[in-house]
Amino acid sequence: MAVLSVRNLKVRYSGKGPEILKGIDFDVEGDDFLAIIGPSGAGKSTLIRCVNRLVEPTDGTITLLDQDVRALKPRALRELRRDVGMIFQEFNLINRMSVMDNVLSGRLGYTGNLRSLFRHFTKDDIRQALDFLERVGLSDHVDKRADELSGGQRQRVGIARALMQQPKLLLLDEPTSALDPKISQEVMALIREIAKELRVPALCNIHDVQLAKEFCNRIIGLQDGIKKFDGETRTLRDADLEDIYAMEVL
Ligand SMILES: Nc1ncnc2c1ncn2[C@@H]1O[C@H](COP(=O)(O)OP(=O)(O)O)[C@@H](O)[C@H]1O
Ligand SMILES: [Mg+2]
């Protein structure tokens, strides 16, 4: 059984607005590190945000961990969101807080009033946070403010924070597009290693085709809300890329 199954997914942001996703189908299996590539504006962020209903689809079905995502009531949706770790392009850290507190906030998902809940963290939470900070190579930075770190280090905090949720699926929206090429490689390698160790599948928007080819086992190509390619990375041909990126070339 697929961890995530998406069928005929359609999105409009407003009734009369354009259709942004035009009937997308795909599955994510347990050991997938799946890249979604495509030009800017193709609908990659929209697609990923539908999975945990940060965007409400207008049609189609999303089955995540055996649950019909579109049918979930608010409480069940909160619980489902806790199972989905999200890693963002701009890191979305709270700059004034320490690295440790940013990581601990992962325990709360990404809704709710973070700061007022901090005193409720258990010793286990703190031990777990320290373990993940060590895993991402930030043991020496635990007490620093988030805004004292470099971009690559900030994204490592973002990764540790997502892991605190004990996620069953990782969603990554352009996790390296704010980073330079060498750091991007390191961050992608780290995410792939950890996803493998923890056996968490990942769905990763990425506009850098080379990174997708290097790190992801499967690739979906989106163009203007339509799926143009879906297959194992090694089967992606130059002609497929021309098809996916045609609008940019013209
Ligand atoms: N909140 C929104 N309201 C209205 N239109 C949006 C919103 N978010 C994205 N869009 C539009 O949807 C299209 C796809 O955007 P997006 O999913 O961000 O693409 P990508 O991540 O591939 O660059 C774009 O035309 C964008 O302007
Ligand atoms: Mg995007």
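A polar contact is a pair of N or O atoms within 3.5 Å; within protein, one must be able to donate a hydrogen and the other to accept it, and residues adjacent in sequence count only if both atoms are side-chain atoms. The model is predicted, so local features need pLDDT of at least 70 and side-chain atom pairs pLDDT 80 or more, while totals for chains, interfaces and linings use all residues. Residues are numbered from 1 along each chain as written, chains are lettered from A and ligands numbered from 1 in the order written, and side-chain values use heavy atoms, with hydrogens and water left out.

**Exercise 1. Describe the surroundings of ligand 1.**

Step 1. A residue is near the ligand if one of its heavy atoms lies within 4 Å of it. The shell consists of Tyr-13, Ile-20, Pro-39, Ser-40, Gly-41, Ala-42, Gly-43, Lys-44, Ser-45 and Thr-46.

Step 2. A nitrogen atom of ligand 1 is 3.4 Å from a side-chain N or O atom of Tyr-13.

Step 3. Assign the shell to elements. Helices (H or I, at least four residues) and strands (E, at least two) are DSSP runs, numbered from the N terminus. Helix α1, residues 44-51, gives the most, with three residues.

**Exercise 2. Which strands form the open sheet, and in what order?**

Step 1. Two strands pair if DSSP finds at least two bridges between them. The order is β2-β1-β4-β5, with antiparallel pairing.

Step 2. Find the edges. β2 (19-28) and β5 (67-68) each have a single partner strand, so one side of each is left without a neighbour in the sheet.

Step 3. Inspect one pair. Strand β4 (residues 59-64) is joined to β5 by two bridges; Leu-64 has Gln-67 of β5 as its bridge partner.

**Exercise 3. Sort the lining of the largest pocket by residue class.**

Step 1. Ala, Val, Leu, Ile, Met, Phe, Trp, Tyr, Cys and Pro count as nonpolar, Asp, Glu, Lys and Arg as charged, and the others, Gly among them, as polar.

Step 2. The lining then divides into six nonpolar, two polar and six charged residues.
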